[in-house]
Amino acid sequence: MNRVWLMVLASLSAATVHAEAVAIVHATAWTLTSDQPTKDATIVIDKGRIVAVAAGAAPPAGARVVDAGGRPVTPGLMHAASQLGLIEVSSATETVDHSAKLAVPGAGFDIETAINQNSLLIQLARTDGLTRAVSYPGASPVPPFGGMGVLLHLVEGGDMIERARVGVFASVSGRTAAASVGSRAAQWQLLRTALETAKATLAAPATPAPRPPDVQALEPVLGGKIPLAISTNRESDLREAVKLARDFNIRVVVIGAAQGWRVADELAAAKVAVILDPMANLPISFDELGVRLDNAALLRKAGVTIAMALQGVQGYNAGSSLREGAGLAVAHGLPYVEGLRSIISAPAQIWGVADRYGTIAPGLDADLVVWDGDPLEPSSLATTVFIDGREVPLVTHQSELRDRYLPRVEAARAAGTQ
């Protein structure tokens with residue numbers, strides 16, 4: 001037992017360990033601070049934080065012990081670009097709140113007040129190990145901006161909005177151009193004009209009149225505090241995104257990047273992160289010609305920070321789809337540990353929360369998941385989920401219906417009446 005661990009145990013003596021202190025023992029801990037897991041690890045959490053992690057250590061006195069039995073333990077998953085809380089049933093319009101209509105300010109559209117924290121989709125995501133997510137607005141008829149996203153921390157029974165206005169979102173594509181201004185060139189021009197106008201307005205002497213919503217929204221983008229996230233796929237558009245990042249000295253994140261592998265070196269050099277769909281292998285539009293399943297592997301090999309978000313399931317099965325997608329990327333050349341990072345630590349880095357989440361390390365939030373098998377295998381399940389150091393019940397509306405009706409079905413089958 002090393003000296004550091006002895007000091008930790010001393011600080012967590014029976015007199016000082018709190019009632020909610022937990023020690024996860026015999027874990028195969030994917031800390032993500034290393035490319036390899038820590039075998040037979042003991043992870044101590046107290047007051048919502050990770051206190052220590054070490055191999056072969058005894059749990060501190062007074063702590064509740066959770067035996068992982070050699071199974072994998074990871075930080076909680078993070079969805080880098082979801083619409084959790086903004087959509088429940090796509091065909092029920094009263095549950096769809098992700099996009100604005102005409103006459104609503106583009107960049108200034110704030111979805112924070114529309115988040116439904118009681119969404120059953122959030123409940124389901126939590127039971128599959130998802131503990132954080134960014135929800136973002138969809139494309140708007142007011143090009144090119146969609147609005148501002150929000151960072152969610154999926155705590156149970158508390159306020160899930162960890163940070164509002166976490167990024168400004170825009171969309172540039174052939175489809176959105178056809179539905180609005182008629183050319184992607186016009187979309188890029190509008191985007192540049194908005195940034196230039198905001199920059200000039202912010203540099204001008206202050207006036208009593210409030211600044212326009214778009215200027216207020218773009219101020220932290222221009223100041224480097226939050227990124228500009230652009231949904232786009234075509235190679236030429238990706239090159240424009242790189243130019244935009246350099247010309248305005250701002251952080252740019254690309255969502256989609258189906259042809260990203262073609263400009264991987266340029267994206268890496270400009271430090272443009274990519275949130276991609278690892279299951280995309282057939283184009284659904286001309287913008288995505290050339291899409292390939294090893295896109296994630298090629299981008300990461302070039303040094304691009306990558307995260308995952310599957311098209312069409314930003315709200316549904318948000319946790320399980322992430323794991324399946326990351327596993328598919330690993331099957332097509334992405335190193336295993338990078339697959340895990342793409343759904344945990346990389347989103348934390350992209351959205352600015354890596355100082356408190358994303359690895360298993362002392363001082364970070366105790367968002368931890370014990371899995372019954374390989375987390376990147378779709379058939380694996382979370383057996384224990386901690387969020388802020390508290391174990392959350394793995395109960396959903398679906399599991400309650402199963403438990404209510406399955407015994408009746410089995411009894412009917414046994415009686416030969418079904």
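A search of the whole structure finds 20 salt bridges, each counted where a side-chain nitrogen of Lys or Arg lies within 4 Å of a carboxyl oxygen of Asp or Glu. This is a predicted model, in which local features need pLDDT of at least 70 and side-chain atom pairs count only at pLDDT 80 or more, while totals for chains, interfaces and linings use all residues. Residues are numbered from 1 along each chain as its sequence is written, and side-chain values use heavy atoms, leaving out hydrogens and water.

- The side chains of D35 and R341 meet in a salt bridge, at 2.9 Å from N to O.
- D35 lies in the loop between strand 1 (22–29) and strand 2 (38–46) and R341 in helix 10 (residues 336–341), so the pair ties together parts that are 306 residues apart in sequence. Helices (H or I, at least four residues) and strands (E, at least two) are DSSP runs, numbered from the N terminus.

- Eight strands form an open sheet with mixed pairing, in the order 6-7-8-9-10-11-12-13; two strands pair if DSSP finds at least two bridges between them.
- Strand 6 (77–82) and strand 13 (306–308) stand at the edges with a single partner strand each, so one side of each has no neighbour in the sheet.
- From one strand to the next, the twist averages 25°. Axes are lines fitted to C-alpha atoms, for helices over the stretch in contact, and angles run from 0 to 180 degrees between N-to-C directions.
- Strand 6 runs parallel to strand 7 (residues 130–135), joined by four bridges, and M78 stands opposite R132 in strand 7.

**Helices on the sheet**
- Helix 9 (residues 318–331) packs on the sheet and touches strand 6, strand 7 and strand 13, with contact meaning heavy atoms within 4.5 Å. Its direction makes about 95° with that of strand 6.
- Helix 6 (residues 235–248) lies across strand 10 (228–232) and strand 11 (252–256), and runs at about 165° to strand 10.

**Residues to look up**
- For the salt bridge, find D35 and R341.
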